[in-house]
Amino acid sequence: MNLQQLRYVVATAEHRTMTDAAKSLYIAQPALSRAIRDLERELGMTLFARSGRGVVVTAQGRRVVKLAREALDAVREIEELSAHGQTSDTELRIASTPSLEPGLAGRLLPAYTAERPGVRVHIVRCDGRDGVVNAVRDQRADLGLTDLPVPADLVSHPLERQEIVLISPPGVELPDPVPMSRLNGMRLVLPVPGSARRREFDALFTRYGIAPVPAVQLDERGNWLNTVRSGAASLLWYRGMAEQALRAGLRVRSLDPSVRRVIALIHARRRLPALAQEFLSVAEGGSAA
């Protein structure tokens, strides 16, 4: 048994369905089911029994889940001791996605450093939500700024709902706001198939009964605006990137109906360093742009 298997057991017990547990762990549902079956064979016991579309924890499973939670808590405490010995008590590390970094650097950090001028803030740049989640889990960052949802083993503090806009090459004639139906058949830059972000986009398209054309599929967000600038496709991104897009000569339009995502600060389920706690207090008194 390893730590990954313990996380799988706890997540499955918390969500009661393999599908929801797999989503919270950012893995495929069949992979989670195989991992649970392998663990049950290794232990020689049944941890979960099927009940309708979900699962229930067996009597033996409840004991294993309890011990798994205790083991994960102990590991987090050990990691905290290690991190305390390696990280300066005057440095705060915050992981952020590229699309949210302007709001972090432009509004949250100035408000914080005005109160704590002696604190060094290091931004851990991550290419998307999964990168932020991993940076927080691996203790490379004390806090993470990303959109929701995030896995259940992390704590989230919602800050605001940020608008998703359509960024298009110059010369593309569209109304503002753009009716959602106009995205049907439109060439878009999209994340790679199978990624958590792509699944969210696909769910959005299904909800509105539209089928955009995936003209470019990549997860390297640093290249997204360049792709739009080349005229290859349009892009759905956060309003916080509008200024950067406008400087690049691109068009930014709202959607109708409006689509928004919850932006939050996240952290591991452990005692936070004092600097991180203070940053949370300042952030929750304002908002991310």
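This is a predicted model: local features need pLDDT of at least 70, side-chain atom pairs count only at pLDDT 80 or more; totals for chains, interfaces and linings use all residues.
User: Which residues make the contact of α1 with α2?

Analyst: From α1 come R7, Y8, A11, T12 and H15, and from α2 come M18, D20, A21, S24 and L25. By class, this contact of α1 with α2 holds 5 nonpolar, 3 polar and 2 charged residues.

User: What makes α1 roughly perpendicular to α3?

Analyst: α1 and helix α3 (residues 29–43) have axes 10 Å apart and pack at an angle of about 110°. The roughly perpendicular class runs from 65 to 115 degrees, so α1 counts as roughly perpendicular to α3.

User: Which residues of α1 and α3 meet there?

Analyst: On the α1 side they are Q5, Y8, V9 and T12, which meet L32, A35, I36, L39 and E42 of α3. The contact of α1 with α3 divides into 6 nonpolar, 2 polar and 1 charged residues.

User: How do you know whether T146 is buried or exposed?

Analyst: T146 has a relative accessible area of 0%. Buried means under 20%, so T146 is buried. T146 lies in strand β5 (residues 143–147). Leaving out residues up to four places away in sequence, T146 touches T97, L100, R129, V132, V262, I263, A264 and I266.

User: What makes the pair of side chains of T146 and D147 a polar contact?

Analyst: The distance between them is 3.4 Å. The cut-off for a pair of N or O atoms is within 3.5 Å, and residues adjacent in sequence count only if both atoms are side-chain atoms. The contact runs from the side chain of T146 to the side chain of D147, so the pair qualifies as a polar contact.

User: Which residues does A264 touch, not counting residues up to four places away in sequence?

Analyst: A264 touches G144, L145, T146, L148, S156, H157, P158 and L159. A264 and V155 are 109 residues apart in sequence, and their C-alpha atoms are 9.6 Å apart in space.

Definitions and conventions: Residues are numbered from 1 along each chain as its sequence is written. Side-chain values use heavy atoms; hydrogens and water are left out. Contact means heavy atoms within 4.5 Å. Helices (H or I, at least four residues) and strands (E, at least two) are DSSP runs, numbered from the N terminus. Ala, Val, Leu, Ile, Met, Phe, Trp, Tyr, Cys and Pro count as nonpolar, Asp, Glu, Lys and Arg as charged, and the others, Gly among them, as polar. Buried means under 20% relative accessible area, exposed over 50%, partly exposed in between (1.4 Å probe, protein chains only). A polar contact is a pair of N or O atoms within 3.5 Å; within protein, one must be able to donate a hydrogen and the other to accept it, and residues adjacent in sequence count only if both atoms are side-chain atoms. Axes are lines fitted to C-alpha atoms, for helices over the stretch in contact, and angles run from 0 to 180 degrees between N-to-C directions. Angles under 35 degrees count as roughly parallel, over 145 as roughly antiparallel, 65 to 115 as roughly perpendicular and the rest as oblique.
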